[in-house]
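The sequence and structure are shown first.

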Amino acid sequence: MVADSFASALKALAKRKPFKSFTVELVSGERIVVEHPEALVFRDSIAVYFSPKREIAIFDHEGVAQLTDQAELVSS
(Lines give C-alpha, C1' and ligand atoms only; values in the text may rest on other atoms or scores of the structure.)
Protein backbone atom coordinates (compact mmCIF):
# COMPACT_ATOMS: atom_id res chain seq x y z
CA MET A 1 0.00 0.00 0.00
CA VAL A 2 1.29 3.49 -0.79
CA ALA A 3 2.61 5.22 2.37
CA ASP A 4 0.46 8.35 2.01
CA SER A 5 -2.72 6.33 1.34
CA PHE A 6 -1.95 4.05 4.25
CA ALA A 7 -1.44 6.90 6.72
CA SER A 8 -4.52 8.86 5.66
CA ALA A 9 -6.83 5.81 5.52
CA LEU A 10 -5.60 4.49 8.88
CA LYS A 11 -6.05 7.89 10.49
CA ALA A 12 -9.56 8.30 9.06
CA LEU A 13 -10.67 4.86 10.27
CA ALA A 14 -9.13 5.27 13.73
CA LYS A 15 -10.57 8.75 14.33
CA ARG A 16 -14.20 8.06 13.32
CA LYS A 17 -16.86 9.21 15.75
CA PRO A 18 -18.41 6.99 16.84
CA PHE A 19 -15.57 4.55 16.39
CA LYS A 20 -16.30 1.43 14.33
CA SER A 21 -14.07 -1.64 14.14
CA PHE A 22 -12.03 -2.13 10.99
CA THR A 23 -9.78 -4.79 9.54
CA VAL A 24 -6.16 -4.53 8.47
CA GLU A 25 -5.42 -7.20 5.88
CA LEU A 26 -1.73 -7.94 5.52
CA VAL A 27 -0.12 -9.10 2.27
CA SER A 28 0.50 -12.44 4.02
CA GLY A 29 -3.28 -12.91 4.28
CA GLU A 30 -3.36 -12.37 8.04
CA ARG A 31 -6.17 -10.11 9.26
CA ILE A 32 -6.07 -7.85 12.27
CA VAL A 33 -9.37 -6.53 13.60
CA VAL A 34 -8.89 -3.17 15.30
CA GLU A 35 -11.60 -3.08 17.94
CA HIS A 36 -10.67 0.07 19.87
CA PRO A 37 -9.02 3.30 18.71
CA GLU A 38 -6.73 3.60 21.72
CA ALA A 39 -5.28 0.14 21.03
CA LEU A 40 -3.68 1.47 17.85
CA VAL A 41 -0.61 3.70 17.69
CA PHE A 42 0.72 4.90 14.37
CA ARG A 43 3.31 7.31 13.10
CA ASP A 44 3.97 7.93 9.42
CA SER A 45 3.88 4.49 7.80
CA ILE A 46 4.31 2.25 10.86
CA ALA A 47 1.53 1.06 13.18
CA VAL A 48 1.37 -0.98 16.39
CA TYR A 49 -1.85 -2.67 17.53
CA PHE A 50 -2.38 -4.09 21.02
CA SER A 51 -5.09 -6.79 20.93
CA PRO A 52 -7.43 -7.58 23.84
CA LYS A 53 -5.46 -10.85 24.23
CA ARG A 54 -2.31 -8.78 24.92
CA GLU A 55 -0.80 -9.67 21.56
CA ILE A 56 1.11 -7.03 19.64
CA ALA A 57 0.98 -6.60 15.87
CA ILE A 58 3.42 -4.30 14.13
CA PHE A 59 2.78 -3.44 10.49
CA ASP A 60 3.75 -0.85 7.94
CA HIS A 61 2.46 0.40 4.61
CA GLU A 62 4.47 -2.20 2.68
CA GLY A 63 2.92 -5.10 4.58
CA VAL A 64 -0.71 -3.98 4.28
CA ALA A 65 -2.85 -5.13 1.35
CA GLN A 66 -5.98 -3.23 2.39
CA LEU A 67 -7.94 -1.60 5.19
CA THR A 68 -11.59 -2.59 5.39
CA ASP A 69 -14.54 -1.25 7.36
CA GLN A 70 -16.06 -4.08 9.46
CA ALA A 71 -19.57 -2.91 8.52
CA GLU A 72 -18.75 -3.61 4.85
CA LEU A 73 -17.72 -7.18 5.71
CA VAL A 74 -20.91 -7.83 7.69
CA SER A 75 -23.21 -6.51 4.97
CA SER A 76 -21.45 -8.41 2.14
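## Strand pairing and the sheet

In this predicted model, β3 and strand β4, which covers residues 46–50, pair in the antiparallel sense over four bridges. Within the strands, Leu40 stands opposite Tyr49 of β4.

The open sheet is formed by three strands in the order β3-β4-β5, with antiparallel pairing. Its edge strands are β3 (40–43) and β5 (56–60), each of which pairs on one side only, and the twist from one strand to the next averages 15 degrees.

## Helix on the sheet

Helix α1, made up of residues 3–14, packs on the sheet and touches β3, β4 and β5, while its direction makes about 150 degrees with that of β3.

## Aromatic pairs

A pair of aromatic rings is described by the distance of the centres and the angle of the planes. The structure holds two aromatic pairs. For Phe6 and Phe59, the ring centres are 6.3 Å apart and the planes stand at 85 degrees, so this pair is edge-to-face. Because Phe6 lies in helix α1 and Phe59 in strand β5, the pair ties together parts that are 53 residues apart in sequence. Phe6 counts as buried at 0% relative accessibility, and Phe59 is buried with a relative accessible area of 5%.

Phe19 and Phe22 form an edge-to-face aromatic pair, with 6.2 Å from centre to centre and 65 degrees between the planes. Here Phe19 is partly exposed, its relative accessible area being 23%, whereas Phe22 is buried, with a relative accessible area of 0%.

Terms used. Residues are numbered from 1 along each chain as its sequence is written. This is a predicted model: local features need pLDDT of at least 70, side-chain atom pairs count only at pLDDT 80 or more; totals for chains, interfaces and linings use all residues. Side-chain values use heavy atoms; hydrogens and water are left out. Two strands pair if DSSP finds at least two bridges between them. Helices (H or I, at least four residues) and strands (E, at least two) are DSSP runs, numbered from the N terminus. Axes are lines fitted to C-alpha atoms, for helices over the stretch in contact, and angles run from 0 to 180 degrees between N-to-C directions. Contact means heavy atoms within 4.5 Å. Rings of Phe, Tyr and Trp (its six-membered ring) pair if their centres lie within 6.5 Å; planes under 30 degrees apart count as stacked, over 60 as edge-to-face and the rest as tilted. Buried means under 20% relative accessible area, exposed over 50%, partly exposed in between (1.4 Å probe, protein chains only).
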